[in-house]
Amino acid sequence: MFEKNMNIPYLLDFYGEVLTERSRSILEMYYDDDLSLAEIAENEGISRQGIRHIIKKGEEELFFLEEHLGLASEFTEIQSVAKELISVSEGLSNHEDESVKALAKKALRCAEIILSKN
């Protein structure tokens, strides 16, 4: 039996629309709905091995897309930097200098906008 790679649901969020409807649907049943291979096979009317093959091919395609496009890792990095910016801004918001406070407030708004867009 093979183990589930829990990065797949995250990659599905970014690249799921690129997959065929059938592959995406089967990957969603397996990862999001937590159905077994046997349950999916019964729903789809094909063998358990056929389902496993579709899942493996879909995973390979998602990894290929991430390797070449990097959208998921870039998104994660942007979120991390925006959260760090919020933390720094909140720390500076108590500064004595009003111009520093104003810049901190502006930086905080920018970081919140970035996070709301993602």
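At what angle do helix α5 and helix α6 pack, and how far apart are their axes?

1. This is a predicted model, in which local features need pLDDT of at least 70, side-chain atom pairs count only at pLDDT 80 or more, and totals for chains, interfaces and linings use all residues. Residues are numbered from 1 along each chain as its sequence is written, and side-chain values use heavy atoms, with hydrogens and water left out.

2. Helix α5 (residues 71–92) packs against helix α6 (residues 98–117) at about 155°, their axes lying 8 Å apart. Helices here are DSSP runs (H or I, at least four residues), numbered from the N terminus. Axes are lines fitted to C-alpha atoms over the stretch in contact, and angles run from 0 to 180 degrees between N-to-C directions. The pair is therefore roughly antiparallel (an angle over 145 degrees).

3. Residues of α5 that meet α6 include Ile 78, Ala 82 and Leu 85, and those on the α6 side include Ala 104, Leu 108 and Ala 111; contact means heavy atoms within 4.5 Å.

4. Leu 65 lies in helix α4 (residues 48–69). Leu 65 counts as buried because its relative accessibility is 14% (buried means under 20% relative accessible area, with a 1.4 Å probe and protein chains only). Leaving aside residues up to four places away in sequence, Leu 65 touches Tyr 15, Val 18 and Gly 70. Leu 65 and Leu 11 are 54 residues apart in sequence, yet 8.9 Å apart in space, C-alpha to C-alpha.

5. Ile 26 touches Ile 40, Glu 44, Ile 51, Ile 54 and Ile 55, not counting residues up to four places away in sequence.

Note on methods: Helix = DSSP H or I, 4+ residues; strand = E, 2+ residues; numbered from the N terminus. Parallel < 35°, antiparallel > 145°, perpendicular 65-115°, else oblique. Buried < 20%, exposed > 50% of the residue type's maximum accessible area, 1.4 Å probe, protein only.
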